[in-house]
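Below is a short briefing on helix geometry and nonpolar packing. The structure comes first, then the notes.

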Amino acid sequence: MLKYIARRLIIMVPELLIISFLVFIIMQAAPGNFLDMYRLDPSVSQQFLEKMEKELGLDKPWIVQYGIWLKNVLKGDFGYSFYYRRPVSTLIWERVFATVILSVSSLAFEWLLGIVVGIFSALKKYTIWDKILTVVAFSGIALPGFFLAILLLFVAAKTGWFPIAGMVSVNYNEMTTWERFKDIASHLVLPTIALGFGGFASLMRYMRGSLLDVLNEDYVEFARAKGMPERVVIYKHALRNAINPMITFLGFSISNVLGGAVIIENIFAWPGMGRLIYQALLQQDIYIVMASAVISAIMLVVGNLIADILLAAVDPRVRFE
């Protein structure tokens, strides 16, 4: 197992290089650059533009810019933000806490609720409950996350049940510790649902189908024929094997959270990395985009590695040599 983990971590290095190189090419292929906002201002002189271009390193060929960025990354420096005039690592670190909170809550919402409801739907096959949950699942799969977020905002604005924007209230600093916790939790409800509902719907359907397939296996029928209680047959024998395929989706779920957060955080004005990435794309603040791409790639690789390790832990048939 340790050799397998080491091998996967070594393979991650060229993967990150390729991904960062492709993202850099895409950003360079986009028309214009960060200085376009200054070029549109007639009061900005050409001498100032040339000075800024040289100061930001935009006067160099793109391959040289990538080489300088890569060299600095190896030293732990992700570059300097053109727009914020601050180190990229500092900007990301300031927002990572908000993104982690939203990511963990949405993953918990997806997996805990998705698996539990999927099991319930499988055990109630073809009943009215199963049909209602099927409609909910297909609606969640078909409904875009941004549209669901707008609907939730509309409902919250009309009812006043939940805050509609931000991570904390205006009087957050005046609250006690328990009140602060409740304030953040109330602000977290709508973004969590918007970000995790699509994943919840997909996992619910996968869990339902996987459990129904396992329940038709010969060893399950044999366990029933031996007189085992139905509860033991389902939860001890069938469920353990049905949940194994679900673990493989964990890596993709971890990486997809950051991608979905780019839209959801902007709709709900959530002060996380997603909002920072969106603004960086608009401003063509290339080094923030590059850092976010590297982080997403690391999350994908590490997430899949964790999923493989968990699969080997729960399924004795899986062994990595």
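Leu152 touches Leu190, Ile193, Ala194 and Phe268, leaving aside residues up to four places away in sequence (contact means heavy atoms within 4.5 Å). This is a predicted model, in which local features need pLDDT of at least 70, side-chain atom pairs count only at pLDDT 80 or more, and totals for chains, interfaces and linings use all residues. Residues are numbered from 1 along each chain as its sequence is written, and side-chain values use heavy atoms, with hydrogens and water left out.

Nonpolar cores
- The largest nonpolar core has 26 residues, of which Leu152, Met167, Ala194, Met204, Ile264, Phe268 and Trp270 touch the most other members.
- At least two residues of this core come from each of helix 5, helix 6 (128–142), helix 7 (145–159) and helix 8 (177–215).
- Helix 8 contributes the most, with 9 residues.
- A second, separate core of 24 residues includes Leu58, Val289, Ala293 and Val294.
- A nonpolar core is a set of buried Ala, Val, Leu, Ile, Met, Phe, Trp, Tyr and Cys residues joined through side-chain atoms within 4.5 Å; buried means under 20% relative accessible area, exposed over 50%, partly exposed in between (1.4 Å probe, protein chains only).

Helix 5
- Helix 5 (residues 88–123) bends by about 40° at Val96, the bend being the angle between axes fitted to the seven residues ending there and the seven starting there.
- Helices are DSSP runs (H or I, at least four residues), numbered from the N terminus.

Val104
- Val104 lies in helix 5 and is exposed, with a relative accessible area of 52%.
- Val104 and Thr192 are 88 residues apart in sequence, and their C-alpha atoms are 9.1 Å apart in space.

Key. Expected span 1.5 Å × (residues − 1).
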